[in-house]
Amino acid sequence: MVKLNCDLGEGLDALDAQVMPFLQMANIACGAHAGDPQRLKKSLELAKAHAVTCGAHPGYPDRDTMGRRSLALSESALTDTLLSQLTLFQNLCHETATTMAYIKPHGALYNDMMCDLHLFARVMNILASHCPGIPVLIQAMPSNQEHLHIAAQLGQTLWFEGFADRAYSPSGRLEARSKPGAVHTDIGIIVKQARELTENGRVRATNGNWLQIEVDTLCVHSDTQNALTAVKQLHHYLDTHSEGPRV
């Protein structure tokens, strides 16, 4: 089945506890854009209690905007921050007897990687050197051939996600959060977009055109308005309509 993933460990502790039972994958902040070692450890323990797969969610070291501002980091600065975050995550996985099953970059780092193949290659090189064989979760686009080519050269696996709660631009990228209508809060729209993504492999862009994309997993953001209701409804929908393993 298509699995449901959510970004957690970012400070919404009470909501995280409510959302976790309805997920299959938890993308947990590693302390740079949000969270801290204590919160990360609690998130890992919470995921373990609900048999949810744990993924590291590293981002730019920018707590002021929660990692949503692009940073032009040097090669060494980018390497240092990613390795620091992943090492913390792995150490706490060891303490909690959990496993880092995948890595999903966060926020502006995630979006920058999807727009800039040079940055994508830099990040993939860092991840391949420190976490060889650990799948990396990125955005499903109308074409991911160049991303797949770079990952294959490094021996890395990519998983692809679609977004039930975000508007897509005609290029297939996510509309900026600052743009009106970029974040869906209407439960009907969220479920309808999830159905199109999982049943028909497509999503309608803001210009009205359909984009063909294939997803392994769906993301809902925990800080989206009505997130808990959306997660519950998507969990029910995927549990009853989606068949077969995806990731």
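User: At what angle do helix α7 and helix α8 pack, and how far apart are their axes?

Analyst: This is a predicted model, in which local features need pLDDT of at least 70 and side-chain atom pairs count only at pLDDT 80 or more, while totals for chains, interfaces and linings use all residues. Residues are numbered from 1 along each chain as its sequence is written, and side-chain values use heavy atoms, with hydrogens and water left out. Axes are lines fitted to C-alpha atoms, for helices over the stretch in contact, with angles running from 0 to 180 degrees between N-to-C directions. Here α7 (residues 187–200) and α8 (residues 227–241), with helices taken as DSSP runs of H or I of at least four residues, pack at about 30° with their axes 10 Å apart. The pair is therefore roughly parallel, a term for angles under 35 degrees.

User: Which residues of α7 and α8 make the contact?

Analyst: Contact means heavy atoms within 4.5 Å; among the residues involved are Ile-187, Ile-190 and Val-191 of α7 and Leu-234, Tyr-237 and Leu-238 of α8. The contact residues divide into eight nonpolar, four polar and two charged.

User: How many disulfides does a search of the whole structure find?

Analyst: A disulfide is a covalent bond between the sulfur atoms of two cysteines. With a cut-off of sulfur atoms within 2.5 Å, the search finds zero. The sulfur of Cys-115 is too far for a bond, because the closest cysteine sulfur, in Cys-219, is 17 Å away. Cys-219 is likewise in no disulfide, its nearest cysteine sulfur, that of Cys-6, being 6.3 Å away.

Key:
Helices (H or I, at least four residues) and strands (E, at least two) are DSSP runs, numbered from the N terminus. Angles under 35 degrees count as roughly parallel, over 145 as roughly antiparallel, 65 to 115 as roughly perpendicular and the rest as oblique. Ala, Val, Leu, Ile, Met, Phe, Trp, Tyr, Cys and Pro count as nonpolar, Asp, Glu, Lys and Arg as charged, and the others, Gly among them, as polar.
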